[in-house]
Amino acid sequence: MHFTLHYYPGNASLIPHLLLEELGAPFELALVDRANQAHKSPAYLKLNPNGLIPVLVEQGPDGELVLYETAAICLHLLDRHPQRGLAPEHGTAARAHFDKWLIWLTNTLQAALLIYFYPDRWADDASAVAQVKAHAEAKIGVMLDQLDAELARGGPWLLGDAFSAVDLYALVLCRWTRAMARPARTRPHLGPWLQRLLARPAVQRVFAREGLAAPLV
Ligand SMILES: N[C@@H](CCC(=O)N[C@@H](CS)C(=O)NCC(=O)O)C(=O)O
């Protein structure tokens, strides 16, 4: 089994990149040249008709698998590496919470972040665009409070004692808030949790490989 991750530094592709590294899976990276709109090129649209990053290509037991959508990519990688323990076993209460967080991260927090980063897709004149961005930031703030409250209840990881792929997913989304007025790192439980994640050797290797500069979160 071998994986190719189509990525751009710091983009949503950072999530499966972190997961591949934590899993110790064999993979290579293929840079999608966003500066030259490579993600909208005919060749890339064949991989992902949405023109979005990331895409994972697996050469596996069933031949070639081309997969887009970050959460689906994570679930597939986890299914391929059940022995690594980065997701609870199917059919358990812990797994139900894992699935809940993964889905919440992708369809609630990540979706709001995409509005924050691309407000011009939701309004025309400059003041309306600024309003969309401000509303998105406010909503994201409430979501960060929810994550902080979850860590306050338990920790040290999102699922409690067990580090899992949802920590990696949430790390990248929290990182994207770093230019906000109240970024994730300023919250009492998210701040130390982010530091715990940044201390992981696999996380450090991936951040270095993508050339991510300070502030990291
Ligand atoms: N739901 C998709 C969203 C992916 C996404 O929006 N990726 C961004 C980079 S973080 C992108 O490719 N943006 C380019 C664009 O919107 O044109 C996923 O989770 O994979």
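Biologist: What separates W101 and W104 in helix α4?

Modeller: About one helical turn, because W101 and W104 are three residues apart in helix α4 (residues 93-117). Helices here are DSSP runs of H or I with at least four residues, numbered from the N terminus. Bear in mind that this is a predicted model: local features need pLDDT of at least 70, side-chain atom pairs count only at pLDDT 80 or more, and totals for chains, interfaces and linings use all residues. Residues are numbered from 1 along each chain as its sequence is written, and side-chain values use heavy atoms, leaving out hydrogens and water.

Biologist: How do I read a ring pair?

Modeller: You describe it by the distance of the centres and the angle of the planes. Rings of Phe, Tyr and Trp (its six-membered ring) pair if their centres lie within 6.5 Å; planes under 30 degrees apart are stacked, over 60 edge-to-face, the rest tilted. There are four aromatic pairs in the structure. One of them is W101 with W104: centres 5.3 Å apart, planes at 85 degrees, so edge-to-face.

Biologist: And where do F117 and W176 sit in the chain?

Modeller: F117 is in helix α4 and W176 in the loop between α6 (165-175) and α7 (190-198), 59 residues apart, so this pair links distant parts of the chain. Their centres are 6.1 Å apart with planes at 90 degrees, so this pair is edge-to-face.

Biologist: Is W176 buried or exposed?

Modeller: Buried, because its relative accessibility is 10%; the cut-offs are under 20% for buried, over 50% for exposed and partly exposed in between, with a 1.4 Å probe and protein chains only. F117, at 37%, counts as partly exposed.

Technical notes
Helices (H or I, at least four residues) and strands (E, at least two) are DSSP runs, numbered from the N terminus.
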